[in-house]
Amino acid sequence: MTSLQEHPGKPDQHALDPVERFIAYHGWTHERVNDNELAVEIAGRWCVYRIWFGWEEELACIMMSCALDMQVPEASIKSVHSLLAYVNERLWVGHFDVFADESVPTFRQAILLNGQGYPTEELLGDVIDITISECERFYPAFQYVIWQGKSAEEAVQAAIIDPVGEA
C-alpha cells in the first residue's frame, strides 16, 4: 500500500489535508466545509455516523466528534446524563456528551499534534477505528435508555455482550 503521506511535488498546506486524503482513500462520503472543518459519513452497524474534524491552530489540535443518529427527548435527558457518566468511566480514549442545543449523543476526542504538523495514517486509522468501535459498542445503550426507559447500568449490561471463548 502506498503511503497517503506521500504527496509528490506539493507539501501539505493544512493539518486537515492528510485527514481528507485518508478519508478519500477509503471512499467515505465527505465534504471540506472550509479550511478548518471537514465532515465525513461512515456507515456502521447501527447507523451512518457523521464525523466532524475541526482544526484549532492555537492548540495545534484536531478535534473530532462523531454524532449518533438519534436525538434525546427532553423527558430522557436526565437518564442520558446518568448513562454518559456510567459510559465515560469505562472509556480510555475520548468521551461521550450531549450538547444542550442539539440533544444528540456525540463521541469526541482530540488529536494533539504537539509540533508534528500533521497526523500520520496510523494515528488517523486508530482514531477513526476507536471512534466507530466505541459508537457501535454504546449505541444500543443510548437506545435502551431513551426508548425503553432502562437505567444506565441495565442499558450497558444489555448492550454490551463480551464474547467468551472461541466459536
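**Figure 1. Helices α2 and α4 are oblique to each other in this predicted model.** The angle between the axes of helix α2 (residues 77-88) and helix α4 (residues 152-159) is roughly 55°, and the axes come within 9 Å. An angle of 65 to 115 degrees would count as roughly perpendicular and one under 35 degrees as roughly parallel, and the pair is therefore classed as oblique. The crossing of α2 and α4 is right-handed. On the α2 side, the contact is made by S82, L83, Y86 and V87, and on the α4 side by A152, E153 and V156. Sorted by class, the contact of α2 with α4 comprises five nonpolar residues, one polar residue and one charged residue.

Figure 2. Helix α3 spans residues 121-148 and includes V145. When residues up to four places away in sequence are left aside, V145 touches S76, S79, V80, L83, K150, S151, A152 and A155. Although V145 and S76 are 69 residues apart along the chain, their C-alpha atoms are separated by 7.4 Å.

**Figure 3. Residues of helix α1 are buried under several other elements.** In helix α1 (residues 17-25), the buried residues are D17, P18, V19, R21, F22 and I23. Their cover includes the strands β1 (29-34), β2 (37-43), β3 and β4, together with helix α3. Just after α1, G27 adopts a positive phi of about 75°.

**Figure 4. S65 is a buried residue of strand β4.** The relative accessible area of S65 is 15%, and the residue is therefore buried. Apart from residues up to four places away in sequence, S65 touches R50, I51 and W52, as well as T106, F107 and R108. Residues 48-56 form strand β3, and residues 105-112 form strand β6.

**Figure 5. A60 and S103 have positive phi values although neither is a glycine.** Most residues other than glycine have a negative phi. A60 is placed in the loop between β3 (48-56) and β4 (61-67), and its phi is about 50°. S103 occupies the loop between β5 (95-98) and β6 (105-112), with a phi near 55°. With a relative accessibility of 22%, A60 counts as partly exposed, whereas S103, at 15%, counts as buried. The limit that applies to both assignments is 20% relative accessible area, under which a residue is buried.

**Figure 6. The protein chain contains four helices and six strands.** Read from the N terminus, the order of elements is α-β-β-β-β-α-β-β-α-α. The chain has 167 residues, of which 43% are buried. Of the contacts between residues at least 6 apart in sequence, 50% join residues at least 24 apart. The chain exposes about 9,700 Å², and carbon and sulfur atoms supply 50% of this area.

How values were computed: Residues are numbered from 1 along each chain as its sequence is written. This is a predicted model: local features need pLDDT of at least 70, side-chain atom pairs count only at pLDDT 80 or more; totals for chains, interfaces and linings use all residues. Side-chain values use heavy atoms; hydrogens and water are left out. Axes are lines fitted to C-alpha atoms, for helices over the stretch in contact, and angles run from 0 to 180 degrees between N-to-C directions. Helices (H or I, at least four residues) and strands (E, at least two) are DSSP runs, numbered from the N terminus. Angles under 35 degrees count as roughly parallel, over 145 as roughly antiparallel, 65 to 115 as roughly perpendicular and the rest as oblique. A crossing is left-handed if the near helix is turned anticlockwise from the far one by less than a right angle, and right-handed if clockwise. Contact means heavy atoms within 4.5 Å. Ala, Val, Leu, Ile, Met, Phe, Trp, Tyr, Cys and Pro count as nonpolar, Asp, Glu, Lys and Arg as charged, and the others, Gly among them, as polar. Buried means under 20% relative accessible area, exposed over 50%, partly exposed in between (1.4 Å probe, protein chains only). Accessible areas come from the Shrake-Rupley method with a 1.4 Å probe; for residues, only the protein chains shown count as cover.
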